[in-house]
Amino acid sequence: MEPENPPELSQDSVSLLKRLAGPSSTKAGLTHDQTAINHVIAEASKGSKFYENEKRKDKELSERIAKILKQRDEALQGIDIRPIERNIDHLLEELESQRDLSQTVVHVDMDAFYCSVELLDDPSLQGKPFAVGGGVLSTASYEARKFGARSGMATFVAKKLCPDLILLKSNFERYSEMSDKVMNIFERYDPTMLAAGCDEGYLNITKYCEEHMVDADTCVQEIRDTVFRETSLTVSAGIAPNKMLAKICSDKNKPNGQYHLAFDHTSIKAFMHDLSIRKVPGVGRVNERLLEALGIKTCGDIFKHRATLQLMDKQFGLVFLLRTYLGIASNVVQPIQREEKKSIGAERTFHALSNKIQILRKLEEVAGELEDDMVRGGWTGKTVTLKFKLDTFQVFTRAKSFDRWVSSKKEDLFAIGKELLLPELPLTLRLIGLRLTKLKDLHAPEPLGGIKRFFEPANSSPRKRPRLASNAEDCNDEEHDTGEDHESMPGFYEEEENAEGRGFDAPDDEEQILISHDSNPLHHERRTRPPVSAPGPSRTRPSDSPFSATTSKPMSARQGDRVRHQDCPICGKLLETDNKGLNAHIDFCLSRNVIMEAQTDAQNTAKKSRDLVLSWPSSAKGKRKRKG
């Protein structure tokens, strides 16, 4: 349904068209050529606040790309890249030597889950284009996807693409019920499976296949048949040696199919070579465009531009991309561990509100959701973050840290959120949320007492840990870390965080509740403040800081407790404070590098990258010799 006269965009940019299309433009079941559909979306959204915000973001990204390209050109000027490429080739050999083909990993993904469940309850929907959602679609049936309708899309845009679209309200209790049934089936084949959502998960079927003397294809077909027999729902699956490949493969034969990637490095590298970089888990829309600006559209292009990626490691994450090129990733499948949890939170999207009383009522409801999570899960924490989205679709956060564990009472959480929100009003909001970080597991054994706990290794999530504080000089200072924490490009999870609640204004009767149970640390320092708070951009203090959002003094120094002279074991300074103040100061010292890195002027990156090129090849080569 291509328009007779494609609309003229005020910002004539293919990237803007793609951005307006949303993050689900690669969903299975959509037409391959999205050009006409993207023009309809752009025309329908033109003039809206959403359109203006997306245009602003696209312009900012274009400016960022221009700076990065300038940095690249400056770093490459007069440099012989052949030594750099040789060293990266050695690194590729090292990564290749770590390839593990011993485990059979399966990614299982329910087909259009919400819609499939609705179809169970109303068979008359069979063959018709329908979707679940309100102001924004949560899921679209495969019939609706043929017209371009998809999750995250505004309902009125979807109806322009598909005039006969049937819209159903969400029934989360029913979806949760069916999800439990499906997950119970998956656990029969792998009791330690990793649930990646209500409708997908990872299984390691190596042991099951050995014990039951069946091959992987037979086992996966049995899983899919069992799901259909017991629930009447279909599931697609990908079979591969690791989680990344399995997830990519599960999308190959959707819906209701399975794909088995051969377990040898030649087949895997061939499979990855022509794969679009956007198909790789851990590469978001922003990073896709950044990579395309360097000429990297497929995974095979990573090798061609490996020297440039080394120079721009901070922006792109060299090790992650090299592992992607080789098709190497984690094959560890296990449930999310409690010690991996970084935050808990709840948020709600709603039609735009500017009334103070109504906004505070939403905040109070969110506080109640967070209280339930804290009590039920046995969590507390020391930093509370308020998140809010304006009617202009800009997202902001405000945080406050304490030297005590935060109360789980709804009233206390609401009071903290209110304290953070009131200085920002008046605002017109369409999303509000609260998140608790710096968590303490109330179910865990008591940790080591005293100062020793500050020097214990920090728990980190191998599943969701982007390189938040990597420096361009890292390749000089230490050997490349080829561990399992390189599973996304820098900034990927921040992009995912900001994508929540995406879409147009919902109608008055539509409200969406979003509860996050396993989130990554928020990057407050990268958010700009709304105009009501300050003229021009500024940066909020990172949540790891021991200082509160409303004072420049450590919290413990204001409690009136008895103080004494104590030495900081990190920086050696003599402090006049109590034990709580000392602990807060040590927290600050330990996180100082992260804070300083966040405040470093991006203009220095080019010079650092150039210095890196001049010294890295020989030093890295020397380190390999020492290892041998």
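How are helices H12 and H17 oriented to each other? They are roughly perpendicular, because their angle of about 110 degrees falls in the range from 65 to 115 that counts as such. Welcome to this structure, which is a predicted model.

**Where two helices meet**
- Helix H12 covers residues 265–273 and helix H17 covers residues 318–326.
- Their axes lie 7 Å apart where the two helices pack.
- On the H12 side, the contact is made by Ile268, Lys269 and Met272.
- H17 brings Thr324, Tyr325 and Leu326 to this contact.
- By type, the contact residues are 4 nonpolar, 1 polar and 1 charged.

**A pair of strands**
- E9 and E12 run antiparallel and are joined by 8 bridges.
- Within this pairing, Leu353 sits opposite Leu429 of E12.

**A closer look at Asp441**
- Asp441 belongs to strand E12, which runs over residues 429–441.
- Is Asp441 buried or exposed? Its relative accessibility is 18%, so Asp441 counts as buried, because the cut-off for buried is under 20%.
- A polar atom of the Asp441 side chain lies 2.9 Å from the backbone nitrogen of His443.
- Setting aside neighbours within four places in sequence, Asp441 is in contact with Arg338, Gly378 and Trp379.

Key: Residues numbered from 1 in each chain as written. Predicted model: local features only at pLDDT ≥ 70, side-chain atom pairs only at ≥ 80, totals over all residues. Heavy atoms only, no water. Helix = DSSP H or I, 4+ residues; strand = E, 2+ residues; numbered from the N terminus. Buried < 20%, exposed > 50% of the residue type's maximum accessible area, 1.4 Å probe, protein only. Polar contact = N/O pair within 3.5 Å; in protein donor to acceptor, adjacent residues only side chain to side chain. Contact = heavy atoms within 4.5 Å. Axes fitted to C-alpha atoms, helices over the stretch in contact; angles between N-to-C directions. Parallel < 35°, antiparallel > 145°, perpendicular 65-115°, else oblique. Nonpolar A, V, L, I, M, F, W, Y, C, P; charged D, E, K, R; others polar. Pairing = 2+ DSSP bridges.
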